[in-house]
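This report describes how parts of a protein model are arranged. Please consult the sequence and the structure while reading.

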Amino acid sequence: MAEKITAYRFDRLDQTLSQLNQEDCAIIAGGTDVMVLHKSRRGIPPKIPKPIVFIDHLSELKQVYHLYKDLHIGACCTYSELLDHPLIPAALKNAIKSIAAPAIRNRGTLGGNICNASPAGDTLPLLYVYNAKLKLRSVNGDRIVAINDFIKGPRRVQRDPNEIVTEIILPSVLEEDAHVFFEKVGNRNADAIAKVGFAGYIRINDDRIEDVRFAFGAVGPTMVRSLNIEKKLVGKTIPLADSEIAQVVADFDKIIRPIDDQRSTAVYRKTVALNLLRYFLSSKQYQTN
């Protein structure tokens, strides 16, 4: 006889938060990662050790809107919904196109990709260079956390059991004239876990770098980003000299520490990551904007 599982599916977010305040539950949005994590042998339902709360249907978690200069994205927006939404930046849409097959995009959510906290999370490098913030809500109210503070390690996040991530906030995207680059390297174009992920962001004024950001995925326990290395490039003239590019690559070479696993080798990952960085810094695309 199959073991009984308690599951909740409330009509409103406040009802959901009330239940989470009373009981430690597993939260399921799209479930594309959770179901795999807890899968059993064929024909046997997944064994999830906690009561389940479904949140994917809640309208409060599926809004996309601008507030002042920031873009707010509901945590339960699916990838397919984001692809069709006119407010989503082109760079984020391009990243989404590299995620899984259409059936998974119809279920998987942006909030789920963040809360899974995988080192190979497909959208995470971009969210890091966008300086994304997360709004979390509980019965006690809202709080805002920077994404780099929220993700602590593989599958470890700064979320209390009674909280839900309600929104992803991309600051100041309305005033951006930056060039944003994203590349995912995997065995296939979409339906594969990333061997390496890279995102670059650069804003130029009068041939000088005003702002620059880099984030690498799948080459460490969390996304690899260094504000100190980025600051060294601010004020530099475009195009960068070969020696300047070489110095940035050498700096990241010291802090990128990938591992060998079933998908790739550490040597391959580091080589590809540094090559993507070198390509971005020498790119002619943003130099002609």
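## The parallel sheet

Strand 2 and strand 3 (residues 52–54) are paired in the parallel sense, over three bridges. Helices (H or I, at least four residues) and strands (E, at least two) are DSSP runs, numbered from the N terminus. Two strands pair if DSSP finds at least two bridges between them. Within this pairing, alanine 26 has isoleucine 52 in strand 3 as its bridge partner.

These strands belong to an open sheet of three strands, with the order 1-3-2 and parallel pairing. Strand 1 (7–8) and strand 2 (26–28) are at the edges with a single partner strand each, so one side of each has no neighbour in the sheet.

## Basis of the model

The model is predicted: local features need pLDDT of at least 70 and side-chain atom pairs count only at pLDDT 80 or more, while totals for chains, interfaces and linings use all residues. Residues are numbered from 1 along each chain as its sequence is written, and side-chain values use heavy atoms, leaving out hydrogens and water.

Another open sheet consists of five strands in the order 4-5-10-6-7, with antiparallel pairing. Its edges are strand 4 (64–67) and strand 7 (141–146); each has a single partner strand, so one side of each is left without a neighbour in the sheet. From one strand to the next, the twist averages 25°. (Axes are lines fitted to C-alpha atoms, for helices over the stretch in contact, and angles run from 0 to 180 degrees between N-to-C directions.)

Strand 5 (residues 70–74) and strand 10 (residues 164–170) run antiparallel and are joined by four bridges. Histidine 72 stands opposite isoleucine 169 in strand 10.

## Helix 1 and its buried side

Helix 1 (residues 13–22) lies across strand 6 (133–138) and strand 10, and runs at about 125° to strand 10. The residues Leu13, Thr16, Leu17, Gln19 and Leu20 of helix 1 are buried. They span an arc of only 160° around the axis and therefore lie on the same side of helix 1. (Buried means under 20% relative accessible area, exposed over 50%, and partly exposed in between, with a 1.4 Å probe and protein chains only; the arc is that of the directions from the helix axis to the C-beta atoms.)

The buried residues of helix 1 are covered by elements including strand 1, strand 2, strand 3, strand 6 and strand 10.

## Aromatic pairs

The whole structure contains nine aromatic pairs. (Rings of Phe, Tyr and Trp, its six-membered ring, pair if their centres lie within 6.5 Å; planes under 30 degrees apart count as stacked, over 60 as edge-to-face and the rest as tilted.) The rings of tyrosine 8 and phenylalanine 10 are stacked, because their centres are 5.7 Å apart and their planes are at 10°.

Phenylalanine 216 and phenylalanine 252 form a tilted pair, at 5.0 Å centre to centre and 55° between the planes. Phenylalanine 216 is in strand 13 (residues 208–217) and phenylalanine 252 in helix 10 (residues 242–255), so this pair ties together parts 36 residues apart in sequence. Phenylalanine 216 is buried, at a relative accessible area of 0%, and phenylalanine 252 is buried at 0% relative accessibility. Ring pairs link Phe181, Phe198, Phe214, Phe216, Phe252, Tyr279 and Phe280 into a cluster.

## Serine 264 and its contacts

Serine 264 lies in the loop between helix 10 and helix 11 (266–281). This serine 264 is buried, with a relative accessible area of 8%. Leaving aside residues up to four places away in sequence, serine 264 touches Lys195, Ile259 and Arg269, where contact means heavy atoms within 4.5 Å.
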